[in-house]
Amino acid sequence: MPQKLTPPTAQPTVTAIDSPPSHTASLPLLSTPASLILLVGLSLFALAPLFYPGFSQTHGGFIPVWNVLDLRANLGHLTWTPHIATTFDPLRSDGLLPYYIAALLPLSPPAAIKFTVGCGWVLGGLGMLLWLKSWLGEAGALVAGVVYLYLPYQIVNAYVRGAWGETLFWGLLPWAILAATYLVTTPKIALIPLAALFWLALGLSQLGLTHIGLILVAMMLLTIHRPQAFLPLLSALIGTIMAHVIYGLLPSALFQPAPTPLTEHFLYLFQLFSAHWGFGASQPGWNDGLSLQIGLAAIGLAVMTVALWLRDNNPVAPRTDRRLLFFLTATIALSLLQFSLTTFLWNFLAGLLTYPWQLLGFIGLCLSILAGAALWLDTRLTQPPLLATIVIIVVLSVYPYLLPNFIQPEIAWLNGPQATLGDNQLALLDHHFAVAIPGHTAGLNLGETTIPLQAHGPLQPNETLTLAVNWQPMQTLADNLKVFVHLVDANGNVLAQFDGYPQNGSYPTPQWIPGEIIRDAYPILLPDNLPTGPYRVYLGLYDETTFARLPVPDDNEGRIILDVR
Amino acid sequence: MFGKKWKGCQGSGVRGQPLAVSGQPLAISNQRSAISGQQPSETNDKSTLDDSPTPTSQPANSPNSTNSINSTNSTNSKNSLYLWLTLLLSLPVLGPLLQPGYYWGAHDARHSVYFLYEFNQAIQDGIGYPRWAPDFAFGYGYPFFNIYGPLSSYTGQLFIWLGLDVVTAVKVVFGLSAILSGLTMYLFVKRLLNPAAGLIAALTYVYFPYHLFDLYVRAALAESVGFVFVPLVLWGFYEVMARPRLTAVLWASLAYAGLMFTSNLLALMFTPILGLYVAVMMVWAFFGKAKAEAKAKVDTEVEAETKTLSTQTPKLHQLHQLHKLYKLHKPHKLYKLLAGLPPLFTLLLGLGLSSIFWLPAFIEYKYVRVDQWVGGRFAFGDDFVELFQLFSPKWGFGTSIPGPNDDTGFQIGLAATILLIFSFIIVPKLSDPFSRRTLYFFQTMTLILIFLTTPISSLVWTLLPLSSFAQFPWRLLVIIAPFISILAGTILVHYPEPIPHPQPPASTSHYQLSIINYQLSPLLLATLILLSSYPYLKAEVRDPKPTEGPVSQAALFRFQQSSDEMTGQTAWVRRIPNWSSLAEQVERGGEIATKVNYTALPADDSVGVYSMEMDSVHERLWVGTEQAGQSVTFLTPYYPGWTATIYEDLGPHDGNLDQEVGPVTRVGPVVDQPPISTTPIEGWMVVPIPPGSHFLELRFEDTPIRIVGRWVTFISMLVWLGLFVVVDLVKK
């Protein structure tokens with residue numbers, strides 16, 4: 001009903017940082033610097049796990065660490081793309097920007113990665129604040145920033161999925177929108193490159209999502225600021241195209257087919273509102289291992305906003321307020337895209353994303369804005385006690401989720417995998433040979449039954465050689481795989497072997513969670529007629545039903561070859 | 001009055017608006033401020049630390065008298081509402097204590113029970129101020145209460161006298177400490193800011209995660225009781241600094257003494273901070289512009305009131321008086337320096353009152369072995385709190401272990417942290433300079449103390465002797481808790497100042513929201529504070545293991561053996577035992593009737609020893625020998641205060657003392673006070689006995705330093721009471 005809309009110029013802008021505020025929604029105590037400082041302080045709970053002296057177990061495992069390390073060694077190679085234990089897909093993979101930021105930081109790779117994630121995360125909140133303060137006031141923008149910071153999906157990205165490129169994308173998105181829409185109130189050609197730069201950064205963080213973001217922002221601009229939409233759209237388009245150009249120049253950056261059928265990962269309605277939290281991977285069907293909720297606080301505050309908005313005699317925003325209408329409509333539309341009933345629409349979008357639920361970030365963005373609008377609609381909510389109440393509710397609603405699975409990686413693991421199996425499905429982090437010693441032996445600690453092979457000396461017949469390994473799955477393993485360990489002589493003759501399910505069958509491979517460390521040990525009973533060494537071990541996994549081995553690069557027979565020493 | 005900045009006082013209205021509720025109290029408080037040259041206060045604090053005569057607020061026939069009475073009643077009822085809210089909303093903290101049974105597995109759960117058990121034994125033996133715990137160290141004894149604050153034990157003893165068993169008494173003390181800690185925090189913050197802020201501060205304090213950790217994970221009784229006194233001490237010193245007067249000095253000194261009696265460790269950690277607070281406030285006063293600011297405030301207020309009110313209004317009249325006072329009063333630098341005397345006197349009086357405890361504890365601390373407490377897993381080392389732990393929701397009942405993977409929680413608390421962050425925006429807006437500076441100090445201390453809990457402060461710990469008493473850096477959370485709680489209260493400093501809203505007259509929804517805004521926001525915050533700590537409001541209640549209970553002497557010994565923590569020894573002991581014949585005796589169903597080591601007596605029966613009587617701190621023997629150079633060994637390690645006395649045996653005896661009328665009638669005059677020697681390894685006392693038939697008494701008595709401590713406490717009490725009477729007389 002465009003005829004009912006007031007002219008855009010008469011309506012306060014939603015975006016520009018210097019646009020005149022429609023309504024003073026904040027207490028004097030909240031100046032912009034104070035709000036920024038407050039927001040950084042309030043991000044403590046989100047960022048705290050990053051200060052753990054170790055690493056978090058995420059689906060990404062050590063892939064970012066290995067690749068950052070590799071990039072540092074190849075900084076001069078401008079055609080570099082992440083390639084260790086991963087296949088780079090410009091649309092769906094973590095983009096190049098986080099890798100380059102981490103590689104250039106004077107920190108250890110894990111610390112640099114955590115720093116990048118943390119900065120990206122906080123940037124999102126700060127960007128929301130700066131973007132929205134002219135519309136929602138300092139307090140409203142602060143709440144929007146806090147809600148955005150503490151979206152469950154943000155926590156999932158950082159501490160469950162380890163999708164650090166995506167985290168950076170969500171952090172930069174408000175800045176990119178801010179930069180683009182700055183052109184609404186300041187339509188200067190000279191500012192276009194600056195705005196385009198933000199969109200380029202977005203594209204280099206997560207290109208697939210950038211496309212969706214571009215569509216969303218275009219719709220927003222055309223809805224709210226139609227006459228002034230050209231320059232902002234142009235800048236966003238230029239930035240996105242530049243990202244495409246950069247990726248197009250990289251020979252190894254090839255657009256890959258989807259690793260998993262996107263349509264199998266539609267959500268069920270209950271998942272958007274479920275309190276379930278987990279560290280597993282996304283599964284076809286309803287039983288995902290990770291939480292895909294929208295967020296209680298975001299929904300609650302958005303509902304409150306709608307209630308305030310639709311009440312009688314609301315003097316702040318008419319019921320035709322296009323900003324509120326747009327973000328409410330966008331929330332509903334994006335939510336509907338999570339369900340299988342919108343399969344037909346995904347025919348156009350499927351190439352951009354791995355999972356449909358990656359749009360949860362956009363839903364969160366819209367809900368955050370709506371949440372902050374509550375304080376714009378009723379300024380009494382900006383009083384410190386009520387403002388603090390709202391902030392506490394927001395953080396409290398996700399506080400239990402801010403407890404990642406921490407791991408203390410061994411230094412050797414961070415240097416790179418010893419081998420990868422399958423299509424970057426499984427990594428062998430390290431291995432140790434030991435010899436089992438029956439009974440209690442002097443020099444061993446209580447409970448120890450093996451001694452390292454180096455300390456043991458040459459292997460003797462009838463002894464039990466133990467191969468201890470640390471696996472790290474990098475994707476979900478569909479089949480229930482068995483482990484084979486073959487002890488061979490110098491000529492490749494099998495002397496002894498172990499075949500069995502990992503961890504004695506107590507933890508089948510389909511249950512392995514990407515990123516977790518699986519410790520296992522395989523005993524090999526040495527024969528009576530054990531010849532003298534040297535020996536080698538062939539290690540691998542296979543499907544018992546088909547006898548198909550998990551492929552290993554550089555070995556056609558699917559074996560990791562280890563020297564016994 | 002508080003035109004430029006927010007006011008931090010209760011019930012004060014908005015500038016330019018009718019002060020129907022708080023106008024009068026505000027004026028009264030300002031009068032006091034002027035007299036003392038310090039910050040404004042309120043009417044409702046006069047029942048606490050205020051000895052100044054209550055000014056007649058206004059004539060009864062004044063035009064506003066009815067309104068004033070109504071408003072005072074309204075303010076009082078609001079105050080009592082917040083007080084009741086504080087108490088009611090603190091009750092859920094008692095939940096785990098109301099479960100039948102006891103959380104025996106908590107870190108110090110057994111300690112707390114058996115400390116009281118031993119204390120009770122000593123009290124039952126008629127010892128008013130116990131210092132020696134006879135059953136500790138497997139029955140050998142240990143001067144535990146000489147170095148451990150006794151107040152929590154005395155409180156527990158009170159409930160034992162009321163008929164409760166030891167475990168229940170301990171639970172009651174835990175519960176009381178939790179509730180009273182909220183109450184004391186409320187009272188302080190009500191005075192510092194306003195009642196609504198008091199409610200928030202109190203609940204933040206009660207539900208502070210480390211407080212719950214002390215209650216239900218550590219089960220540290222003394223430290224839990226210490227939570228009651230920290231706000232009192234802060235309040236006392238705040239009053240002494242803000243408005244120096246005798247009553248404030250008296251109550252502050254009593255609060256400090258209470259803290260010292262409760263936990264010397266806490267007092268040790270807290271006293272330097274108090275000293276720093278006094279010093280900082282003095283420096284601030286010396287170089288600051290508090291007076292100028294206060295005068296400017298009054299000037300502004302007078303000007304404002306002159307414009308809006310007639311000159312006959314009591315408020316304006318009092319403001320004019322204030323104005324004159326400020327004009328007359330020109331504070332001298334010397335006066336500012338002398339402001340340090342009241343807190344100094346307070347500290348000295350507090351130390352004097354508690355010297356019966358801390359003086360011997362401090363001097364005679366070197367005569368106990370503390371290697372078990374500061375060595376092994378209790379050694380200072382890698383027990384810092386990682387930064388992420390301060391903000392992590394993790395909770396558990398495990399112990400602190402070196403590294404970041406503690407199986408317990410050291411978080412500051414979600415609501416507390418968020419309110420602390422808000423305080424950095426709010427405090428600079430406070431109008432009253434003294435309160436503002438006090439809160440600045442608390443903020444600074446909070447940040448410093450948080451820094452000191454983290455590993456990046458390890459260099460500071462090595463340079464400063466902090467580890468010698470703080471042991472684990474996370475123990476500093478006990479001091480962080482009150483500071484953060486007070487700062488959390490600042491969120492309501494301007495409550496209930498309304499914000500104009502450009503809306504038409506209220507619709508139904510508007511009206512409902514108004515209620516939420518103005519009436520319920522403290523309650524909403526209070527609820528959230530509770531909710532944020534609710535998941536941690538649990539204890540691992542279970543039946544006791546044989547090494548824990550049911551409470552008995554045998555169980556105490558089994559506990560000591562299993563924990564290997566409470567076998568503290570005196571400095572004369574070289575080998576710390578892990579069991580004893582005395583414990584074995586009790587374990588087999590017997591009881592300890594004597595501490596004489598009969599195995600050390602000559603095998604030829606040349607020495608006869610018969611234990612006549614024994615209690616916690618003495619044993620009297622009949623001893624007889626024909627040979628010189630004989631001695632009696634007691635299964636008790638030496639510690640200063642143990643004395644041996646030889647009495648003449650007056651009556652003939654036939655070798656069977658039981659048939660005599662009574663040994664006392666036969667105890668003659670003192671023959672000798674032989675020196676006590678010790679066995680080289682065990683440190684057991686060896687007392688030489690003269691040839692012949694005698695009575696030997698071994699008694700644990702006061703050393704000179706204990707006597708000095710006792711007398712200093714006694715004199716301090718007299719001084720305290722004397723001054724109290726003087727104040728009372730002056731008031732009348």
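The crossing of α4(A) and α5(A) is right-handed (a crossing is right-handed if the near helix is turned clockwise from the far one by less than a right angle, and left-handed if anticlockwise). Helices and strands here are DSSP runs numbered from the N terminus, with at least four residues of H or I for a helix and at least two of E for a strand. The model is predicted, so local features need pLDDT of at least 70 and side-chain atom pairs count only at pLDDT 80 or more, while totals for chains, interfaces and linings use all residues. Residues are numbered from 1 along each chain as its sequence is written, chains are lettered from A and ligands numbered from 1 in the order in which they are written, and side-chain values use heavy atoms, with hydrogens and water left out.

Two packed helices are described by the angle between their axes and the distance between the axes. Helix α4 (residues 96-104) and helix α5 (residues 109-149) of chain A pack at about 125 degrees, and their axes are 8 Å apart. This arrangement makes α4(A) oblique to α5(A). Axes are lines fitted to C-alpha atoms, for helices over the stretch in contact, and angles run from 0 to 180 degrees between N-to-C directions. Angles under 35 degrees count as roughly parallel, over 145 as roughly antiparallel, 65 to 115 as roughly perpendicular and the rest as oblique.

Also in chain A, helix α3 (residues 63-73) is mostly covered, with eight of its 11 residues buried. Buried means under 20% relative accessible area, exposed over 50%, and partly exposed in between (1.4 Å probe, protein chains only). The buried residues of α3(A) include A:Trp66, A:Asn67 and A:Asp70. By contrast, A:Asn491 is exposed, at 67% relative accessible area. A:Asn491 is placed in the loop between β7 (481-488) and β8 (494-500) of chain A. From A:Asn491 to A:His83 the C-alpha separation is 33 Å, and the two are 408 residues apart in sequence.

Over all chains, the whole structure holds 26 salt bridges (a side-chain nitrogen of Lys or Arg within 4 Å of a carboxyl oxygen of Asp or Glu). One of them joins A:Asp378 and A:Arg311, with an N to O distance of 4.0 Å. A:Asp378 lies in the loop between α15 (360-377) and α16 (384-398) of chain A, and A:Arg311 in the loop between α12 (296-310) and α13 (322-336), so the pair ties together parts that are 67 residues apart in sequence. A:Asp378 is buried at 0% relative accessibility, and A:Arg311 is buried at 8%. In another salt bridge, the closest N and O atoms of A:Arg323 and A:Asp321 are 2.9 Å apart. A:Arg323 is buried at 2%, and A:Asp321 is buried at 2%.

In chain B, B:Arg710 and B:Asp702 form a salt bridge of 2.6 Å, N to O. B:Arg710 is partly exposed at 40%, and B:Asp702 is partly exposed at 30%. A network of salt bridges links B:Arg191, B:Glu239, B:Arg243 and B:Arg245.

A nonpolar surface patch of about 630 Å² includes B:Phe345, B:Trp711 and B:Ile715. Patches are made of residues with over 30% relative accessible area and no salt bridge, like charges being joined within 9 Å and nonpolar side chains (Val, Leu, Ile, Met, Phe, Trp, Tyr) within 5 Å. Helix α27 (residues 704-731) of chain B gives the largest share of the nonpolar patch, six residues. B:Ile715 belongs to α27 of chain B and is partly exposed, at 47% relative accessibility.

Key:
Accessible areas come from the Shrake-Rupley method with a 1.4 Å probe; for residues, only the protein chains shown count as cover.
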